[in-house]
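The stops below can be selected one after another.

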Amino acid sequence: EYGVFTQSDKFVCGRTEQEIFDFLKMQYVPPEIREDTGEIEAALEHSLPRLVEVSDIKGDLHVHSNWSDGSNTIEEMARAGIDLGYEYIAITDHSPSLKVAHGLSVQDLKKKRKEIDKLNEKLKPFRILYGTEADIDSEGGIDYPDAVLKEFDIVIAAVHSGFKQPARKITQRILKACENPYVKIIAHPTGRLRNVRDAYEFDFDAVCAKAKDTNTALEINSFPDRMDLNDLLCRRAKAAGVRICINTDAHAIGHLKFIRFGLAMARRGWLTSADINNTDALANILTGKEL
């Protein structure tokens, strides 16, 4: 535990971890992936990926304001994002079905859009994206019509009800949401709330296949109560070729710093910046469905 020694107790190395890895002719293994899941073999072959880092994140694509159930104004959330060095944030307030969260009506959306447009002029070059966290209903529909959805810069869809439906039913709901051409991200994909409820049952592999086919990202929700996706599902999504988005689901300016928890989960899942949508520049975020 104190380093590497000869049989005669002569100290060889171990002042730092790096010394030990160098002595063993191994690539340094980041602590997050020391799980005996292939990292030793990869380190010996010097084929470990460069894991995503906080400096790679250019924005947060799941943020709430006081237009729905957030505590702060859009401007306050935006300025907090600027303080973190971000290039953009998406204000994704709830849609009408989630009445407990004060989901926005179409009329509310028009007022919110005007506020965002004014703030974007004021805060250039930082960009506030006009978004929504829309409900996936019991049949897989999205609770704004397409004519409204197409006006958003970004649409996140999420299951907020019917958690006890059969796995096949929930799977079909998420698959249908992925097929919507305006849905770019599935938020907190397994629906778990730590110490409150388990993940709902669904076919994760089928969702990954559909998400890849439709260029829909799956979210790592960094909020401490969620941490969803977990690291094992991150690895499965990556193996399936699915892009991931690390968001905070922030409901107050202090929540934006939760991004570090999502980053830790992404690193445990062997994700690189190339696997993450919100390491991309703004122009790529705004170009079509594929981020």
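Helices, of at least four residues, and strands, of at least two, are DSSP runs numbered from the N terminus. With that numbering, select Pro 125, which sits in the loop between helix H4 (106-122) and E5. This is a predicted model, and in it the peptide bond from Lys 124 to Pro 125 is cis, with omega near 5°.

Next, go to the loop between E8 and H8, where Leu 229 lies. The bond to select is the one from Asp 228 to Leu 229, also a peptide bond in cis, with omega near 20°. Most peptide bonds are trans.

Now show the sheet. Seven strands form an open sheet in the order E3-E4-E5-E6-E7-E8-E9, paired in parallel. From one strand to the next, the twist averages 30°.

Zoom in on strand E4 (residues 88-94) and strand E5 (residues 127-135), a parallel pair with seven bridges. Select Thr 92; its bridge partner in E5 is Gly 131.

The largest nonpolar core has 59 residues, and Ile 128, Ile 174, Ile 186 and Leu 218 touch the most other members. Helix H6 (residues 167-179) supplies the largest share of this core, five residues. Centre on Ile 174: leaving aside residues up to four places away in sequence, Ile 174 touches Val 159, Ile 186, Pro 189, Tyr 200, Phe 202 and Val 207. A second, separate core has 13 residues, among them Tyr 88, Ala 158, Ile 185 and Ala 187.

Move to helix H9 (residues 259-268). Which residues of H9 are buried? They are Ile 259, Gly 262, Leu 263, Met 265, Ala 266 and Arg 267. Their cover includes strand E8 (217-221), helix H8 (231-239) and strand E9 (244-247). After H9 comes Trp 270, with a positive phi near 65°.

Asp 9, in the loop between strand E1 (4-5) and strand E2 (11-13), has a phi of about 70° although it is not a glycine. Asp 9 is exposed, with a relative accessible area of 62%. Asp 36, in the loop between helix H1 (17-23) and helix H2 (39-44), has a phi near 60°. Asp 36 is exposed too, at 65% relative accessibility.

Key
Residues numbered from 1 in each chain as written. Predicted model: local features only at pLDDT ≥ 70, side-chain atom pairs only at ≥ 80, totals over all residues. Heavy atoms only, no water. Buried < 20%, exposed > 50% of the residue type's maximum accessible area, 1.4 Å probe, protein only. Contact = heavy atoms within 4.5 Å. Core = buried A, V, L, I, M, F, W, Y, C linked by side-chain atoms within 4.5 Å. Pairing = 2+ DSSP bridges. Axes fitted to C-alpha atoms, helices over the stretch in contact; angles between N-to-C directions.
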